[in-house]
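Please look over the sequence and the 3D structure below.

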Amino acid sequence: MINVAFVCLGNICRSPMAELIFKNMIKERGLSSSFCVTSFGTSDCEQGNPIYLPAKKTLIMHGIAGNHTAKQISLSDIKNNDFILCMDSGNYRDLVRLAGESNSAKVFKLCSFTSCPRDVADPWYTRDFERAFSDITDGCAAFLEFVLSDRADMINYDKRH
Ligand code: 4NP
């Protein structure tokens, strides 16, 4: 099992979008049983809140449904996951500080796996939820290709797929 945690600031826009996009991607490829996928915020500012409605509507427009309740990440969450995939440089800085030297190698910016490394701009401020969806989808697809090759020994293909 490969444990993946997506992280943004509030855990109501980008990281729950990434969680549901990635879950949908691995389901379509028959890979769900190889992954445990969740999401967190670096902040507790939205703790307990559902996915922000414009983010949820964007997912639904692309045929992706699901729910999530916002939660703040802790050091034990970092220790319990194999990949901590964050959205922007601010998240990365906060996570590396929390992770410490011994755990910071598992922290990545999601779009660092793409051919065009970049931040996923926060749609809470930009209001561009389509752009966030597209950047996150690009990042998730690139991360999936990376992990299929880097952790090939840990992948179970669903034979029914
Ligand atoms: P997210 O967006 O980090 O993509 O979930 C935000 C949501 C809420 C706030 C900031 C960013 N906020 O300040 O409440």
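The mean positions of the 18 positive and 19 negative charges of the protein are 3 Å apart. Lys and Arg count as positive, Asp and Glu as negative, while His and the chain ends are not counted; each charge is placed at NZ of Lys, CZ of Arg, CG of Asp or CD of Glu.

This is a predicted model, in which local features need pLDDT of at least 70 and side-chain atom pairs count only at pLDDT 80 or more, whereas totals for chains, interfaces and linings use all residues. Residues are numbered from 1 along each chain as its sequence is written, and side-chain values use heavy atoms, without hydrogens and water.

The protein has six helices and four strands, in the order β-α-β-α-α-β-α-β-α-α. Helices (H or I, at least four residues) and strands (E, at least two) are DSSP runs numbered from the N terminus. Of the 161 residues, 49% are buried, meaning under 20% relative accessible area with a 1.4 Å probe, protein chains only.

In strand β1 (residues 2-8), seven of the seven residues are buried. The table lists them by side.

| Side of β1 | Buried residues |
|---|---|
| One side | Ile2, Val4, Phe6, Cys8 |

Strand β1 runs parallel to strand β2 (residues 35-41), and seven bridges join the two; strands pair if DSSP finds at least two bridges between them. In this pairing, valine 7 stands opposite phenylalanine 40 of β2.

Definitions and conventions
Buried means under 20% relative accessible area, exposed over 50%, partly exposed in between (1.4 Å probe, protein chains only).
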